[in-house]
Amino acid sequence: MRTKKYAQLHSGMSVVEIIIASAIISLSMISIAVVYGNFISLSTQNTAKVQAAFLLDEGVEAIKTMRGEKWTNIASTTASTTYYFIWQTDKWRATTTPAVIDKIFIRTFVVSPVYRDVSTFNILPNTSGTLDPGTKKVDITVKWPEKGATSTRTTSMYIFNLYE
């Protein structure tokens with residue numbers, strides 16, 4: 001009799017153990033799926049950030065190329081006007097027509113005048129000094145949609161008239 005009772009109790013424990021083990025395995029699999037989904041999401045976001053960094057670098061090189069071709073490519077832009085880069089007849093050009101890259105990114109640049117201190121020739125942050133027609137400040141921005149908002153990366157540089 002004792003053996004039969006022990007067997008009944010032991011078989012009941014086996015069912016409970018199977019249910020607990022199944023629950024642990026199920027929770028583990030769900031956790032792994034959630035973590036994997038997060039990795040995929042972060043990977044996609046990181047790809048956009050890397051592309052934006054490359055587009056900023058390309059924008060810097062485009063400005064240098066435009067300056068190297070002719071200083072008036074930079075100097076003739078209107079201050080505080082938003083421009084877009086366009087590759088036209090094997091050259092970078094500035095245009096005010098919006099351009100979307102890869103159906104996601106919008107890259108713009110704004111050229112600003114530079115003012116210098118007369119005595120030290122240092123660049124001033126405001127318009128209180130003397131205008132330097134051979135120097136321009138260029139702000140390049142890349143924007144793209146991300147998670148229902150707009151992500152932005154920006155870089156600024158000073159460009160000089162080296163060739164004229």
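K137 is partly exposed, with a relative accessible area of 28%. The side chain of K137 meets that of D139 in a salt bridge, 3.8 Å from N to O. The model is predicted. In total the structure holds six salt bridges and five aromatic pairs.

**Salt bridges**

- Side chains of opposite charge can pair when their charged atoms come close.
- K64 and E61 form a salt bridge in which the closest N and O atoms are 3.7 Å apart.
- K64 and E61 are three residues apart in helix α1 (residues 2-69), so about one helical turn separates them.
- K64 has a relative accessible area of 35% and is partly exposed; E61, with 44%, is partly exposed.
- A salt bridge also joins the side chains of K91 and E69, at 3.9 Å from N to O.
- This pair links distant parts of the chain, with K91 in strand β2 (residues 91-95) and E69 in helix α1, 22 residues apart.
- K91 is partly exposed at 34% relative accessible area, and E69 is partly exposed at 38% relative accessibility.
- E69 and K91 belong, together with R93, to a network of salt bridges.

**Aromatic pairs and cluster**

- A pair of aromatic rings is described by the distance of the centres and the angle of the planes.
- Among the five aromatic pairs, F85 and W92 form one that is edge-to-face, with 5.9 Å centre to centre and 80° between the planes.
- F85 and W92 are both buried.
- The ring centres of F105 and W144 are 5.8 Å apart and the planes lie at 55°, so this pair is tilted.
- F105 counts as buried at 1% relative accessibility, and W144 is buried with a relative accessible area of 2%.
- One aromatic cluster is formed by Y83, F85, W87, W92 and F109.

**Charge over a ring**

- R116 has its charged end over the ring of F121, 4.4 Å from the ring centre.

**Nonpolar surface**

- I123, Y158, F160, L162 and Y163 make a nonpolar surface patch of about 500 Å².
- L162, one of the residues of this patch, is found in the segment after β7 (149-160).
- L162 has 55% relative accessibility and therefore counts as exposed, the cut-off for exposed being over 50%.

Notes. Residues are numbered from 1 along each chain as its sequence is written. This is a predicted model: local features need pLDDT of at least 70, side-chain atom pairs count only at pLDDT 80 or more; totals for chains, interfaces and linings use all residues. Side-chain values use heavy atoms; hydrogens and water are left out. A salt bridge is a side-chain nitrogen of Lys or Arg within 4 Å of a carboxyl oxygen of Asp or Glu. Helices (H or I, at least four residues) and strands (E, at least two) are DSSP runs, numbered from the N terminus. Buried means under 20% relative accessible area, exposed over 50%, partly exposed in between (1.4 Å probe, protein chains only). Patches are made of residues with over 30% relative accessible area and no salt bridge: like charges are joined within 9 Å, nonpolar side chains (Val, Leu, Ile, Met, Phe, Trp, Tyr) within 5 Å. Accessible areas come from the Shrake-Rupley method with a 1.4 Å probe; for residues, only the protein chains shown count as cover. Rings of Phe, Tyr and Trp (its six-membered ring) pair if their centres lie within 6.5 Å; planes under 30 degrees apart count as stacked, over 60 as edge-to-face and the rest as tilted. A charge sits over a ring if NZ of Lys or CZ of Arg is within 6 Å of the ring centre and within 35 degrees of the ring normal.
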